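Reader: I am new to this structure and would like to learn how its features are read. Could you take me through a few of them, giving the general idea before each case?

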Amino acid sequence: MSANDPTRYWKNCTEREAAPADDEFVNPPGEIEAQFGRRDFLKAAGFVFAGTMLSGCTRAPVEKAIPYLIQPEEIVPGRASYYASTCAGCSAGCGLLVKTRDGRPVKLEGNPEHPWSSGGLCAVGQASLLGLYDSQRLNNPILNGRDATWEQVDRFVADDLSKARSAGAVRFLSGTVTSPTLRAAIARFLGGFKDARHVIYDPLSSSAILEAHERTHGVRALPGYRFDRAQTIVGLDADFLGTWISPVEFTRAYAAGRNAMVVPPCFSYHVQFESRLSLTGAKADRRVAIAPGEAGSVLTALSARVAKFAGAAFAAGDQSEGAISSQVLDELASRLWQNRARSLVVSGSQDLDVQILCNFLNYLLGNYGRTLDLQSPSSQKQGNDRELQALIGELNAGKVAALFIQGVNPVYDLPDGEALARALERVPLVVSFAERQDETAAAARVVAPDHHPLESWGDAEAVAGTVSLLQPAVNPLGNTRSVLKSLAAWCSAPKN
């Protein structure tokens, strides 16, 4: 009889011994025969439960809590302590309160006493704590792909720098540096070479804004934007509440200008022109969708209307308004003119002509000195795209003898990073200060890992005239060294 024979199933049913109805169980055709009733199932379940209970009665592993041999006066075990510092998650320089427990930072929050962040802290700032405990952080310096001591690294760098002093250029590539102390240390280090230059770039660049003010006002500076003083705000692809320059600072000022609970109540009018929905556009009173290349046309048409109100000459070759209705622009121009010196026009475009138009419009409206502050400019974006392109040209031409990279990852950030990585291979000395082995550090001969910002002292002057300090909340977790100490060691002869 075949195992798949259906008669076999019925034969088994008839030939079985009699059993209680609630205990009968017959396998369906084609399956392995088994006599397993409900009572058997309950018995097995009971044994499993009993075994689980017995295994839970075993003695847990011993974990010892070792107290301080000499307890620090300022630490009470289990009680949190707070330290004021400055956030280094980006170049905005917001105030920070570091919550520590038993000597370890556990939470970051904004400092309510900070002059412009006023207790706010963005998601990037709060998440920067995770970098302190990142398992991918380097615990030792790396020399030619292998762990090394700081003495070996110092001797190697000093030998290569002695060759670079006689031939070749020395370049220091970094992101925006808001620390006056670090800027001075970089200048002192580069001062020992004939051909040396500090090149700054930002992955999210605002270089066009700085260059536009250099053209129109004679100073390469990023103005301070006072959204709290503006009654009419016009934004063009500038997500100032989400990602643009200093979102925490701008959010606090924007909220202060839209407060119906104060006496007298104030509520600014905000129009946002943008090609994609942003956090700022979602909060605007009127959001107008435009194509990515229409910002210049909108500003041109708006400038022509405001210039007519001001009686100023404005010659524009193309005043096409694109898909924007004339009624919207007429109404907005009238509102801007009614709020002269109490309005603000900002643009996140990297087109120099667009930024020059933006400056012209703010000048017509009398916003400089009121809602735009050039007397106390911002240092939150210092990148220079022209100098970056010049550096890439020098690298491709083989003119750079030594390159130091701090705080940026150009092989990852810049377009055609693979070509840049190949160009770095031709540089005799490439030193990275990366905390972990990123794409650029992998192309460097020397990796001198910097401290995490929560492990070292520092300072920041994100806005001219306001200096804040960074203080360590924990001792360095690895064999790292601050950039300041590394540059100081390489300015002089290495010690044996």
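Author: Let us begin with pairing: two strands pair if DSSP finds at least two bridges between them, and strands (E, at least two residues) and helices (H or I, at least four) are DSSP runs numbered from the N terminus. This is a predicted model, in which local features need pLDDT of at least 70 and side-chain atom pairs count only at pLDDT 80 or more, while totals for chains, interfaces and linings use all residues. Residues are numbered from 1 along each chain as its sequence is written, and side-chain values use heavy atoms, with hydrogens and water left out.

Reader: How many bridges join strand S12 to S13?

Author: Strand S12, residues 269-274, is joined to S13 by four bridges, and the two run parallel; Glu274 stands opposite Ala289 in S13. Both strands belong to an open sheet of four strands with parallel pairing, in the order S13-S12-S9-S14. Strand S13 (286-289) and strand S14 (343-347) are at the edges with a single partner strand each, so one side of each is left without a neighbour in the sheet.

Reader: Which strands form the open sheet with antiparallel pairing?

Author: That sheet has three strands, in the order S1-S2-S3, and its edge strands, S1 (80-86) and S3 (104-110), each pair on one side only. Six bridges join strand S2 (residues 95-101) to S3 in antiparallel fashion, and Lys99 has Lys107 in S3 as its bridge partner.

Reader: How is the packing of two helices described, and at what angle do H9 and H11 pack?

Author: Two packed helices are described by the angle between their axes and the distance between the axes. Axes are lines fitted to C-alpha atoms, for helices over the stretch in contact, and angles run from 0 to 180 degrees between N-to-C directions. Helix H9 (residues 295-310) and helix H11 (residues 352-364) pack at about 25°, with axes 10 Å apart, and are therefore roughly parallel to each other (angles under 35 degrees count as such).

Reader: Is Asn409 buried or exposed?

Author: Buried means under 20% relative accessible area and exposed over 50%, with partly exposed in between (1.4 Å probe, protein chains only). Asn409, in the loop between strand S16 (400-406) and helix H13 (410-413), is buried, with a relative accessible area of 12%. Leaving aside neighbours within four places in sequence, Asn409 is in contact with Tyr201, Asp438, Glu439 and Thr440.

Methods
Parallel < 35°, antiparallel > 145°, perpendicular 65-115°, else oblique. Contact = heavy atoms within 4.5 Å.
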